[in-house]
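The sequence and the structure come next, followed by the points grouped by topic.

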Amino acid sequence: MPPRSTPDRRVGIIDLGSNTARLVVFSCTEGRWFRLTDSIRERVRLAAGMDDDGALRPEAVDRTLATLQLFVDYASASRIQEIRVFATSAVRDAANGPELVRAIEALGLEVQVLSGIDEAELGVSAVANGFAVPDAWVVDLGGGSAQVSHMKDRRFAWGGAHPLGAVRLTERFFGLGDGRMADPPGRKRVARLEEEIGRHLDGVASAMRAQDHPLIALGGTVRSLANAVQQAARYPLDLLHGYRLERRALEELVDELLARTAAHRAAIPGINPDRADLILAGALVFRWLLRHGEHHDLVVSGDGVREGALFHHLLPEPHRLGDVRRFSTENLFQRYRQPAGHTEAVRRLSAQLFDALEPLHGLGDWERSLLDDAALLHDVGMTVSYYGHHKHGAFLIENSGLAGYSHREVAMIALLVRYHRKGNVAAGALQPVLEEGDLERLRALAICLRLAEHLERSRSGRIRSLSARIRKRSVRLELESPARPTVEIWEAEKDARAFASVFGRRLEIVHGGE
């Protein structure tokens with residue numbers, strides 16, 4: 001990990017899509033860590049109303065160039081060291097795409113027009129570095145096209161682009177932009193749209209049925225759909241990345257969208273008003289894939305082509321993180337860094353306590369790993385304030401999210417940090433994210449973390465190791481340190497009541513052979 005004095009490198013990435021243009025800014029240390037520091041999004045509708053000869057309309061080109069000029073001004077004012085522009089289906093498919101590229105280059109920007117394969121590969125890169133899964137079906141639905149790919153062993157196996165973007169489908173089947181928009185569309189129009197999806201994706205659906213890998217979806221459309229489902233269900237985590245959008249919930253939302261006009265769709269909480277006229281066509285693509293691919297749900301990615309491009313830029317071939325989960329927790333720790341000595345001591349002691357108390361709690365490697373994650377992050381809330389830092393830390397974890405972790409795991413790590421000092425462990429608003437038995441797991445893990453924190457009370461690392469003698473009515477913790485750690489024993493003895501309530505035994509803490 002780099003020292004705090006290492007200056008950030010600021011990289012800007014512009015994703016020029018068929019519907020929107022977005023500039024995202026990352027502060028990063030190459031190969032080590034990164035964080036998103038800014039994002040500017042503007043709806044340009046570049047692909048809207050393309051001429052019969054396949055040319056972009058002048059007004060769409062003007063909107064796009066004005067937006068990119070805005071991005072150039074921002075990049076100059078904020079001193080972004082490097083800026084990269086990636087253009088997708090609208091530019092690569094347009095007859096006058098090369099003319100637009102030249103106009104963009106005249107603004108001082110270098111443009112890479114992605115092929116369908118390029119775009120699909122960047123989507124797979126985003127998934128490979130954002131989820132801890134080796135194999136997946138990856139669907140990136142934009143305005144002009146949908147990239148559908150197979151990821152095998154965290155690499156792009158095969159895939160490509162299909163003309164099934166939300167703008168393209170809405171214009172072709174629902175009449176967007178021609179003054180005759182069917183709003184809401186009738187059954188015949190929906191059936192014809194679904195026939196078109198099947199014409200392109202029947203082979204993909206067959207492959208999905210044959211290989212039951214998770215379906216991971218990218219793009220603004222699926223994020224908007226997931227946001228609407230979350231808000232309707234009052235989902236307790238404000239996280240989209242890693243959210244499992246169940247087919248049943250999507251089916252219900254599609255039925256609601258089919259019954260509303262675009263203006264009324266915009267009023268649905270979670271639906272971006274900019275996408276209200278396009279959201280239905282995109283939703284029908286995902287519904288078709290879930291139905292015909294026989295998937296119970298899809299997993300939402302908060303990352304996309306932009307993050308895929310960043311990883312290609314930052315990481316050497318094959319542009320993959322070694323361990324997504326470990327990088328994610330260390331990346332968060334690096335952003336809210338605390339003294340490494342104390343953190344490592346708490347990690348070491350909590351692991352020793354977990355192992356020593358295994359006959360009582362009966363937990364395994366998965367829970368041990370979550371405990372270590374919580375130990376690494378237990379003090380990140382100190383960057384906000386010492387007072388209440390356990391609450392601040394839980395908030396940071398809940399709202400930052402952790403790539404490679406399920407929402408259940410994020411909730412458990414956040415709760416461990418929340419209760420690493422005091423209090424009776426309670427799930428509170430996060431209860432719907434947990435599963436049966438998780439509260440009991442958390443109470444046992446919280447005791448290990450809390451004792452480790454208190455046995456490091458002087459922040460000196462003087463307790464080198466510990467062991468436990470488990471008896472019928474008591475547990476005797478024996479501490480090894482150069483001198484008697486009086487303050488640590490005094491602090492840890494305050495946990496005796498909580499220990500007894502979880503493990504049903506009296507806690508004794510002694511130094512050496514006392």
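Helices (H or I, at least four residues) and strands (E, at least two) are DSSP runs, numbered from the N terminus. The model is predicted. Two cavities of 30 Å³ or more are present in the structure, and strand 2 (20-29), strand 6, helix 7 (220-233) and helix 11 each give at least two residues to the lining of the largest cavity.

**The largest cavity**

- The volume of the largest cavity is about 400 Å³.
- Its lining consists of 28 residues. Asp15, Thr20, Leu141, Gly142 and Gly220 are the lining residues that lie nearest the centre of the cavity.
- Helix 7 provides three residues, the largest share of this lining.
- Sorted by class, the lining has 15 polar, eight charged and five nonpolar residues.

- Six strands form an open sheet in the order 8-7-6-9-11-10, and the pairing is mixed.
- The edges are taken by strand 8 (155-162) and strand 10 (244-246); each has a single partner strand, so one side of each lacks a neighbour in the sheet.
- On average, neighbouring strands of this sheet are turned by 25° against each other, direction ignored.
- Strands of a sheet pair through backbone hydrogen bonds, in either a parallel or an antiparallel manner.
- Strand 6 (residues 136-141) and strand 7 (residues 146-152) run antiparallel and are joined by six bridges.
- Leu141 has Ala146 of strand 7 as its bridge partner. Leu141 is also one of the residues nearest the centre of the largest cavity.
- Helix 10 (residues 279-292) lies across strand 6, strand 9 (215-218) and strand 11 (297-300). The angle between helix 10 and strand 6 is about 165°.

**Backbone features in loops**

- Most residues other than glycine have a negative phi, and most peptide bonds are trans.
- Where is Arg79 found? Arg79 is in the loop between helix 1 (58-77) and strand 4 (82-87). Its phi is positive, near 60°, and Arg79 is not a glycine.
- Arg79 counts as exposed because its relative accessibility is 69%, and exposed means over 50%.
- Glu294 sits in the loop between helix 10 and strand 11. The phi of Glu294 is also positive, at about 55°, although the residue is not a glycine.
- Glu294 has a relative accessibility of 59% and therefore counts as exposed.
- The peptide bond between Glu317 and Pro318 is cis, with omega at about 5°. Pro318 belongs to the loop between helix 11 (305-314) and helix 12 (324-335).

**Gly12**

- Gly12 is part of strand 1 (residues 9-16).
- Is Gly12 buried or exposed? Its relative accessibility is 0%, so Gly12 counts as buried; the cut-off for buried is under 20%.
- Apart from neighbours within four places in sequence, Gly12 is in contact with Leu23, Val24, Val25, Ile80, Glu82, Ile83 and Arg84.
- Gly12 and Leu310 are 298 residues apart along the chain, and their C-alpha atoms are separated by 9.2 Å.

Technical notes:
Residues are numbered from 1 along each chain as its sequence is written. This is a predicted model: local features need pLDDT of at least 70, side-chain atom pairs count only at pLDDT 80 or more; totals for chains, interfaces and linings use all residues. Side-chain values use heavy atoms; hydrogens and water are left out. Two strands pair if DSSP finds at least two bridges between them. Axes are lines fitted to C-alpha atoms, for helices over the stretch in contact, and angles run from 0 to 180 degrees between N-to-C directions. Contact means heavy atoms within 4.5 Å. Buried means under 20% relative accessible area, exposed over 50%, partly exposed in between (1.4 Å probe, protein chains only). On a 1 Å grid over the protein atoms alone, a cavity is a set of points where a 1.4 Å probe fits but cannot get out, and a pocket is an open set with protein on both sides within 12 Å along at least five of seven lines; lining residues have an atom within 4 Å of a point. Grid points are joined across faces, edges and corners, and a volume is the space filled by probe spheres set on the points. Ala, Val, Leu, Ile, Met, Phe, Trp, Tyr, Cys and Pro count as nonpolar, Asp, Glu, Lys and Arg as charged, and the others, Gly among them, as polar.
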